[in-house]
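Curious how the words used for a protein model follow from its numbers? Let's go through some of them together, one question at a time.

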Amino acid sequence: MTEQPLTATARADALDTSVPHSARLWNYLLGGKDNFAADRQAAEQVLAFLPELGQSARFNRQFLGRAVRHLAGDAGVRQFLDIGTGLPTANNTHEVAQATAPESHIVYVDNDPMVLVHARALLTSSPEGATDYIEADLRDPELILAGARRTLDFDQPIAVMLLGVVNFVVDDEEAIRVVRRLVDAVPAGSYLVLSHPTREVNPEAVDRALAMWNEGGAAQMAVRTPAAIGRYFEGLELLEPGLVTCSRWRPDGNDTTPTSEYCAVGRKRG
């Protein structure tokens with residue numbers, strides 16, 4: 001287990017409980033208790049427009065589990081860089097990966113001070129593997145990459161995981177640049193695992209929920225078309241079934257009801 005000093009106390013002043021945060025809202029939707037009144041209120045307001053949001057959160061989490069199991073199993077990946085990880089809950093990336101390959105190394109990244117407070121729950125590695133946590137924003141890939149090198153070997157394949165986080169980079173070209181910088185930094189044989197909200201399933205409800213969220217003082221968010229999401233995978237080999245609603249990526253007997261969250265897994269060619 002790789003454990004760096006945490007500065008939760010020093011960062012407590014940055015924890016503004018009056019403004020909803022996506023990590024805490026997602027925690028509420030998944031049935032967690034690490035959230036505040038502002039997060040619960042925002043979630044309930046969005047659910048009024050978009051009742052599927054709770055289901056979408058669960059489907060996104062199930063996609064994470066299926067993707068990590070495949071990569072740690074059939075694909076033989078032993079390193080995961082999970083950016084925008086959110087608050088610890090059941091089936092965290094290191095738990096799923098190390099259940100298949102105990103020697104796996106995982107680095108978590110998030111910018112919510114509350115995630116930092118709970119980060120030790122993400123650092124419970126198997127004896128054979130390692131975990132680390134970086135407090136950083138997706139918009140600062142250089143900081144992320146520098147911190148990740150403490151734990152990950154950038155000469156070996158790495159799965160870069162961006163689940164429900166690129167949508168908080170609202171400028172399209174900036175989002176493309178950030179994702180490409182991360183993909184460019186990892187070697188051939190690495191993977192990009194990404195999910196992102198779209199308007200494909202329930203456009204009117206998504207538009208209303210998005211407007212409410214963006215007017216509420218929280219971090220601005222964007223939804224994108226499947227074509228726009230596909231740009232993040234340019235130059236990569238998409239694994240079957242390609243870019244699909246999260247519930248339909250290798251469902252393995254799970255509920256396949258369409259959801260507004262789309263996802264894909266792409267492999268960096270040699």
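Q: What do the buried residues of α5 pack against in this predicted model?
A: They pack against helix α4 (53–72) and the strands β1, β2, β3 (130–135) and β4. The buried residues of α5, which spans 93–100, are Thr93, His94, Val96, Ala97 and Gln98.

Q: Which residues of α4 and α5 meet?
A: From α4 come Leu64, Gly65, Val68, Arg69 and Ala72, and from α5 come Thr93, Val96, Ala97 and Thr100. The two axes come within 9 Å and cross at roughly 35°. The crossing is right-handed.

Q: Why is Ser195 called buried?
A: Buried means under 20% relative accessible area. Ser195 has a relative accessible area of 0%, so the word applies. You will find Ser195 in strand β5.

Q: What makes the meeting of the Ser195 and Asn60 side chains a polar contact?
A: The cut-off for a pair of N or O atoms is 3.5 Å. The contact between these two side chains is at 2.7 Å, which is within 3.5 Å, so it qualifies. The side chain of Ser195 also reaches the backbone nitrogen of Gly164, at 3.0 Å.

Q: Which residues is Ser195 in contact with, leaving aside its neighbours within four places in sequence?
A: Asn60 and Gly164 are on the list, together with Phe63, Leu162, Leu163, Val165, Cys246, Glu261, Tyr262 and Cys263. As for Ile229, 34 residues apart from Ser195 along the chain, the two C-alpha atoms are separated by 8.6 Å.

Q: How do you know that the span of α8 is close to what is expected?
A: Helix α8 covers residues 172–185, which makes 14 residues. From its first C-alpha to its last it reaches 20 Å, and 20 Å is also what is expected at 1.5 Å a residue. At the start of α8, a side-chain oxygen of Asp171 reaches to within 3.2 Å of the backbone nitrogen of Glu173.

Q: Which residues of α8 are buried, and what covers them?
A: The buried ones are Ala175, Ile176, Val178, Val179, Leu182, Val183 and Ala185. Their cover includes the strands β1 (79–83), β4 (159–163), β5 (191–197), β6 (236–238) and β8 (261–268), along with helix α7 (141–148).

Q: Which residues touch the most other members of the largest nonpolar core?
A: They are Leu81, Ile83, Leu138, Leu162, Val166, Leu192 and Tyr232, out of 34 residues in that core. The elements giving two or more residues to this core are β1, β2 (105–110), α7, β4, α8, β5 and β8. Its largest share, 7 residues, comes from α8. A second, separate core has 33 residues, including Ala23, Phe63, Met161 and Cys246.

Q: What is Tyr232 in contact with, beyond its neighbours within four places in sequence?
A: Its contacts are Val166, Ala175, Ile176, Val179, Leu192, Leu194, His196 and Arg224.

Q: Why does Arg224 count as buried?
A: Its relative accessibility is 5%, and buried means under 20%, so Arg224 belongs in that class. Arg224 lies in the loop between α9 (203–214) and α10 (226–230). Its side chain reaches the backbone oxygen of Val170 at 3.3 Å.

Q: Why is Gln220 called partly exposed?
A: Partly exposed is the class between buried, under 20%, and exposed, over 50%. Gln220 stands at 38%, so it falls in between. Gln220 lies in the loop between α9 and α10. A polar atom of its side chain lies 2.8 Å from the backbone oxygen of Asn214.

Q: What are the classes of Arg250 and Asp252, and why?
A: Arg250 has a relative accessible area of 31%, so it is partly exposed. Asp252 has 66%, which is over 50%, so Asp252 is exposed. Arg250 is found in the loop between β7 and β8, and Asp252 has its place in the loop between β7 and β8 too. Phi is near 45° for Arg250 and near 55° for Asp252; each is a positive value in a residue other than glycine.

Q: Where is Pro241, and what is its peptide bond with Glu240 like?
A: Pro241 lies in the loop between β6 and β7 (244–245). The peptide bond from Glu240 to Pro241 is cis, with omega near 10°.

Technical notes:
Residues numbered from 1 in each chain as written. Predicted model: local features only at pLDDT ≥ 70, side-chain atom pairs only at ≥ 80, totals over all residues. Heavy atoms only, no water. Helix = DSSP H or I, 4+ residues; strand = E, 2+ residues; numbered from the N terminus. Expected span 1.5 Å × (residues − 1). Buried < 20%, exposed > 50% of the residue type's maximum accessible area, 1.4 Å probe, protein only. Contact = heavy atoms within 4.5 Å. Polar contact = N/O pair within 3.5 Å; in protein donor to acceptor, adjacent residues only side chain to side chain. Core = buried A, V, L, I, M, F, W, Y, C linked by side-chain atoms within 4.5 Å. Axes fitted to C-alpha atoms, helices over the stretch in contact; angles between N-to-C directions. Left-handed = near helix turned anticlockwise from the far one by under 90°.
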